[in-house]
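Please open the model in your viewer with the whole chain displayed as a cartoon.

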Amino acid sequence: MARSKSRVGNLAFLLFMLPMIIPNIVIAVALFYLFAQIGLVATDAGIALGHTLTALPVVFVIILTTFKSYDWRLDQAAATLGATRTDTIRKVTWPIIKGSVVAAFLFGFLHSFEELTIALFVGGGVRQTLPKQMWDDVLLQVSPTLAAASVIILAVVTIVFVAAERARPR
């Protein structure tokens, strides 16, 4: 898609971006209805699929931006010098794009981590994710557990971003 100039590429881009355009409540209700038909409501697989669907546009934009600026002549040069396709990916492409893959993973994870609507609907009120548990604590009781969980989440996110920044090539 990064190299495509056709309408099919534009249509595929639109399809990948739809979960970012459609409000989360609409996605959650639609997923609840769909997952009720196939038995995935209140399952870990259903929650994981829902979170993946909502985090996909974030990951997609980061990876697509990386490949739009990728110099494809490097792959051709590696092939000219005798590298197989696997060697080219492993020794040329991967070192260049791995920073953006890590960033895409982090932003996708954080987007999924804070997603409450999917957990409420697809979890069916039975499955407890951390955001749902924190939401229930805010509504039902005020406890020091909520404050402690918030501090731990903030610390983990900060540590992850500091580690990602230090791992970034200079």
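In this tour, a contact means heavy atoms within 4.5 Å. The model is a predicted one.

**Stop 1: T88**

Select T88, which lies in helix α5, residues 85-113. Is T88 buried or exposed? Its relative accessible area is 2%, and because the cut-off for burial is under 20%, T88 counts as buried. Now display the residues that T88 touches, leaving aside those up to four places away in sequence: D75, A78, A79, A83 and T93.

**Stop 2: the whole chain**

The protein chain has eight helices and zero strands, giving the pattern α-α-α-α-α-α-α-α when read along the sequence. Of contacts between residues at least 6 apart in sequence, 65% link residues at least 24 apart.

**Stop 3: the largest nonpolar core**

Next, select I27, A28, L31, F35, L40, I47, I118 and V122 and show their side chains. These eight residues form the largest nonpolar core. Which helices each supply at least two residues of this core? They are α2, residues 24-38, and α6, residues 117-122. The greatest contribution comes from α2, with four residues. In soluble globular proteins, nonpolar side chains tend to be buried together.

Centre the view on V122. Not counting residues up to four places away in sequence, V122 touches L31, F35, L40, V41, A42, G46 and I47.

**Stop 4: helix α7**

Select residues 130-140, which make up helix α7. Which residues of this helix are buried? They are P131, K132, M134, D136 and D137.

**Stop 5: surface and charge**

Buried residues account for 28% of the 170 residues in the protein chain. Colour the charged side chains: there are 14 positive and 9 negative ones, and the centres of the two sets lie 12 Å apart.

Conventions. Residues numbered from 1 in each chain as written. Predicted model: local features only at pLDDT ≥ 70, side-chain atom pairs only at ≥ 80, totals over all residues. Heavy atoms only, no water. Core = buried A, V, L, I, M, F, W, Y, C linked by side-chain atoms within 4.5 Å. Buried < 20%, exposed > 50% of the residue type's maximum accessible area, 1.4 Å probe, protein only. Lys, Arg positive; Asp, Glu negative; His and termini not counted. Charge placed at Lys NZ, Arg CZ, Asp CG, Glu CD.
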